[in-house]
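This briefing is meant to be read with the sequence and the 3D view side by side. Please look up each residue in the view as it is named, and take the topics in the order given.

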Amino acid sequence: MLTIGTMPIMLKIVGKLDIKPIIPMLKNLDIFEEPKDEEDAKDALKKLSKEKVGVLACEVLAEITPQLGKIADDLPPLVAAYKGISVAEAQKLDAAEVINELVNDEGVRSFFKRALRKKAGQET
């Protein structure tokens with residue numbers, strides 16, 4: 001759940017990530033069909049096959065992974081605020097389970113989507 005405690009940490013994370021390298025890479029990926037209109041463009045991601053989603057995810061992760069060191073210190077406080085536990089307890093949790101939980105949390109996912117899109121618009 002997106003909470004008041006998690007928002008400042010998530011804003012800090014978004015501020016640290018450089019998404020400039022991702023924008024040209026996304027533009028060059030040949031996985032999207034040409035949209036017919038603005039409404040069709042909004043649904044482009046929903047129309048992707050599982051294979052194309054996998055390609056997209058791998059490409060984005062390949063660009064973001066080298067930057068994870070920039071946000072490493074922010075992750076335990078984020079997990080602690082998200083779970084309502086101490087930072088020490090957060091550091092002991094299974095990373096894969098927590099990442100899966102965060103990725104599947106609609107509030108967290110929506111926050112990062114909007115924040116990163118806004119940042120991408122400012123950086124282009």
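This is a predicted model: local features need pLDDT of at least 70, side-chain atom pairs count only at pLDDT 80 or more; totals for chains, interfaces and linings use all residues.

**The charged group around D74**

- The side chain of K16 meets that of D74 in a salt bridge, with 2.7 Å from N to O, and this pair links distant parts of the chain, since K16 belongs to helix α1 while D74 sits in the loop between α5 and α6, 58 residues apart.
- The two side chains of D74 and K16 are also joined by a polar contact of 2.7 Å.
- D74 forms a salt bridge with K12 as well, and here the closest N and O atoms are 3.5 Å apart.
- Because K12 lies in helix α1 and D74 in the loop between α5 (68–71) and α6 (75–83), this pair ties together parts of the chain that are 62 residues apart in sequence.
- Is D74 buried or exposed? D74 counts as buried, because its relative accessibility is 5%, whereas K12 is partly exposed, with a relative accessible area of 47%.
- If neighbours within four places in sequence are left aside, the residues in contact with D74 are I9, K12, I13 and K16.

**A pair within helix α9**

- In general, side chains of opposite charge can pair when their charged atoms come close.
- R109 and E106 give an example, for their side chains meet in a salt bridge with 2.4 Å from N to O.
- Why are R109 and E106 separated by about one helical turn? The reason is that they are three residues apart in helix α9.
- As a general rule, an α-helix has 3.6 residues a turn, so residues three or four places apart point the same way.
- Both partners count as partly exposed, R109 at 30% relative accessibility and E106 with a relative accessible area of 47%.
- Salt bridges that share partners also join K12, K16 and D74 into one network, and the count of salt bridges in the model comes to four.

- D105 is found in the loop between α8 (95–103) and α9 (106–123).
- Although D105 is buried, it has no salt bridge, and the nearest side chain of opposite charge, that of R109, is 7.4 Å away; a salt bridge would need the nitrogen and the carboxyl oxygen to be within 4 Å.
- What does the side chain of D105 reach at 2.9 Å? It reaches the backbone nitrogen of G107.
- Apart from neighbours within four places in sequence, D105 is in contact with M1, L2 and Y82.

**A nonpolar patch on the surface**

- L2, I4 and M7 form a nonpolar patch on the surface, and together they have about 270 Å² of accessible area.
- Of these residues, I4 has its place in the segment before α1 (7–16), and I4 is exposed, with a relative accessible area of 72%.

**Helix α6 and what follows**

- Which residues of α6 are buried? They are P76, L78, V79, A80 and Y82.
- G84, whose phi is positive and near 70°, follows α6.

**The chain as a whole**

- Buried residues make up 28% of the 124 residues in the protein chain.
- The protein chain exposes about 8700 Å², of which carbon and sulfur atoms supply 59%.
- Among the contacts between residues at least 6 apart in sequence, 69% join residues at least 24 apart.

How values were computed:
Residues are numbered from 1 along each chain as its sequence is written. Side-chain values use heavy atoms; hydrogens and water are left out. Helices (H or I, at least four residues) and strands (E, at least two) are DSSP runs, numbered from the N terminus. Buried means under 20% relative accessible area, exposed over 50%, partly exposed in between (1.4 Å probe, protein chains only). Lys and Arg count as positive and Asp and Glu as negative; His and the chain ends are not counted. A polar contact is a pair of N or O atoms within 3.5 Å; within protein, one must be able to donate a hydrogen and the other to accept it, and residues adjacent in sequence count only if both atoms are side-chain atoms. Contact means heavy atoms within 4.5 Å. Patches are made of residues with over 30% relative accessible area and no salt bridge: like charges are joined within 9 Å, nonpolar side chains (Val, Leu, Ile, Met, Phe, Trp, Tyr) within 5 Å. Accessible areas come from the Shrake-Rupley method with a 1.4 Å probe; for residues, only the protein chains shown count as cover.
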